[in-house]
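Subject: Structure handover

Hello,

Please find the structure below. My notes on it follow, for use when you open it.

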Amino acid sequence: MRTKPLSLLLVAVLASTAAAQGPAKSALERDPRGWIDLHPGKDLKGWKRVPIAPDTKLSDRNPWKVEGDLLLCDGVGIKEMLLYEMEFGDGVFHVEWRFRKVEGKKDYNSGVYVRTAGDGKVWHQVQVAHLEKPPLLGDLFGDTLVKGKVERVLVRGDGVKRANPPGEWNTFEVSAKGNTISVWINGATTLTWKECPVKKGHVGLQAEFFFIEFRRLQFKPLP
């Protein structure tokens, strides 16, 4: 989560959960063909660290480390983005994540990015968190372009209703097609926003003060 006030622009959810229909398979499960494996090597090749806010410096300590099929983020005391170096247009970003549970802690925070600028000035984040105040898990927010100017947007969804608790894996799929971004969490689409003005950008992850693990980082371009 970014600390900038959420007062500039508030957007209503345009479509919410399909949970009443029961859990559905992810796009990756339905069709494993055509996906690009984004999992970094041990040197994080293909990914770059970007400070939050963009005009600040990165921490001297790199919080990111690869161990086998896991990307580990020791974000304690650090807030930054890790962006994939290649830009994407339309497609589906599949991410699986879990926080390392800390006894006595209630608030956990991180994020998944799509259509984000390489310098971090324009960004769209799906909230990865266990929090009591918005933006909540699965909400979409960011600094986007509104009539050529950077402006804050917040789109509320139903993701928190599908959340698995700290210590357990959660699966996100963020789909971007034209002006529409939709979010699928643990078996159902929980949010759809039809007014995204940015047509391409980087996907990425966030370090924000907690230890979080990621796996199965995949992207499928859409025609």
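**Charges over rings**

Arg-100 lies over the face of Phe-211, at 3.7 Å from the ring centre. A charge is taken to sit over a ring if NZ of Lys or CZ of Arg is within 6 Å of the ring centre and within 35 degrees of the ring normal. The charged end of Arg-215 is likewise placed over the ring of Trp-169, 3.9 Å from its centre.

This is a predicted model, in which local features need pLDDT of at least 70 and side-chain atom pairs count only at pLDDT 80 or more, while totals for chains, interfaces and linings use all residues. Residues are numbered from 1 along each chain as its sequence is written, and side-chain values use heavy atoms, with hydrogens and water left out.

**Aromatic pairs**

Rings of Phe, Tyr and Trp (its six-membered ring) pair if their centres lie within 6.5 Å; planes under 30 degrees apart count as stacked, over 60 as edge-to-face and the rest as tilted. By this rule there are 11 aromatic pairs. Phe-99 and Phe-210 are an edge-to-face pair because their ring centres are 6.4 Å apart and their planes are at 80°. Phe-99 lies in strand 7 (residues 91-99) and Phe-210 in the loop between strand 15 (202-208) and strand 16 (211-221), so the pair ties together parts 111 residues apart in sequence. Strands (E, at least two residues) are DSSP runs, numbered from the N terminus.

Phe-99 counts as buried at 1% relative accessibility, and Phe-210 is buried at 15%. Buried means under 20% relative accessible area (1.4 Å probe, protein chains only).

**Gln-218**

Gln-218 lies in strand 16 and counts as buried at 15% relative accessibility. Leaving out residues up to four places away in sequence, Gln-218 touches Leu-28, Trp-35, Ile-36, Asp-37, Leu-38, Val-92, Phe-93 and His-94. Contact here means heavy atoms within 4.5 Å.

**Backbone**

Most residues other than glycine have a negative phi, and most peptide bonds are trans. The peptide bond from Ile-52 to Ala-53 is cis, with omega near 5°; Ala-53 is in the loop between strand 3 (47-51) and strand 4 (64-67). The bond from Pro-134 to Pro-135 is also cis, with omega near 0°, and Pro-135 is in the loop between strand 9 and strand 10.

Arg-115, in strand 8 (residues 108-116), has a positive phi near 45° and is buried at 2% relative accessibility.

Regards

Methods:
Helices (H or I, at least four residues) and strands (E, at least two) are DSSP runs, numbered from the N terminus. Buried means under 20% relative accessible area, exposed over 50%, partly exposed in between (1.4 Å probe, protein chains only).
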